[in-house]
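Reader: I am new to this structure. Please take one part and walk me through it closely.

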Amino acid sequence: MPDLQRLAAHHAAALLRFELDNREWFARSVPDRGDAYFADFDARLAGLVAEQEAGVCHFHVLVDGDGTVLGRFNLVDVADGEAELGYRVAERAAGRGVATDGVRRVVALARRTYGLRRLTARTTLDNAGSLAVLRRTGFTRVGEVSLDGRPGLRFARELTADD
């Protein structure tokens, strides 16, 4: 089973490879990060780790036995017991339950480790896989959003002691 790890500086090379190898795949269903995202990636990662240390975000990578990153599962904008969930899974891992398992694991961390009470998430309407993952993991639709000009939906999930 892949290991869900808290993001750290030593993930830089594997995480960059994950993002580059899957960039085209991701762009089919989520807004592209743009070329600027990949420029000076190590500095960007250091900034994310600093945000995490400050407690405003919790970043995770799902790592295969060979060190390959299979997915990212992030809790951002942590405040007042809430955070927004974001995730992406490698094309080679899609359709195998990896995203559903990762979201379930991060939901448990959100409640038990980070003390959060509510999560929100957003996805585009044409991202059938993400819509299914959110529904399977207990998120309910709470509204509509626009994601870089693309129509989408907003979801929420109240966290309980059972999570």
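**A helix and the rings beside it**

Author: Gly55 follows helix α4, and its phi is positive, near 85 degrees. This is a predicted model. Now take the helix itself.

Helix α4 covers residues 41-53. At 1.5 Å a residue, its 13 residues should span 18 Å. The end C-alpha atoms of α4 are 18 Å apart, which agrees.

Next, burial. In α4, the buried residues are Phe41, Leu45, Leu48, Val49 and Gln52. They cover an arc of only 100 degrees around the axis, so they lie on the same side of α4. What do they pack against?

Phe41 leads on to the aromatic rings. Tyr37, Phe38 and Phe41 form one aromatic cluster. Tyr37 and Phe41 are both buried. Their ring centres are 5.8 Å apart and their planes stand at 70 degrees; angles over 60 count as edge-to-face, so this pair is edge-to-face.

Phe38 is buried too, as is Tyr37. A search of the whole structure finds four aromatic pairs. In one of them, the rings of Tyr37 and Phe38 have centres 5.1 Å apart and planes at 85 degrees, so that pair is also edge-to-face.

The charged end of Arg33 sits over the ring of Tyr37, 4.5 Å from its centre. Elsewhere, the charged end of Arg88 sits over the ring of Phe26, 4.3 Å from that ring's centre.

Conventions. Residues numbered from 1 in each chain as written. Predicted model: local features only at pLDDT ≥ 70, side-chain atom pairs only at ≥ 80, totals over all residues. Heavy atoms only, no water. Phe/Tyr/Trp six-rings, centres within 6.5 Å; stacked < 30°, edge-to-face > 60°. Buried < 20%, exposed > 50% of the residue type's maximum accessible area, 1.4 Å probe, protein only. Lys NZ or Arg CZ within 6 Å of the ring centre and 35° of its normal. Helix = DSSP H or I, 4+ residues; strand = E, 2+ residues; numbered from the N terminus. Expected span 1.5 Å × (residues − 1). Arc of directions from axis to C-beta.
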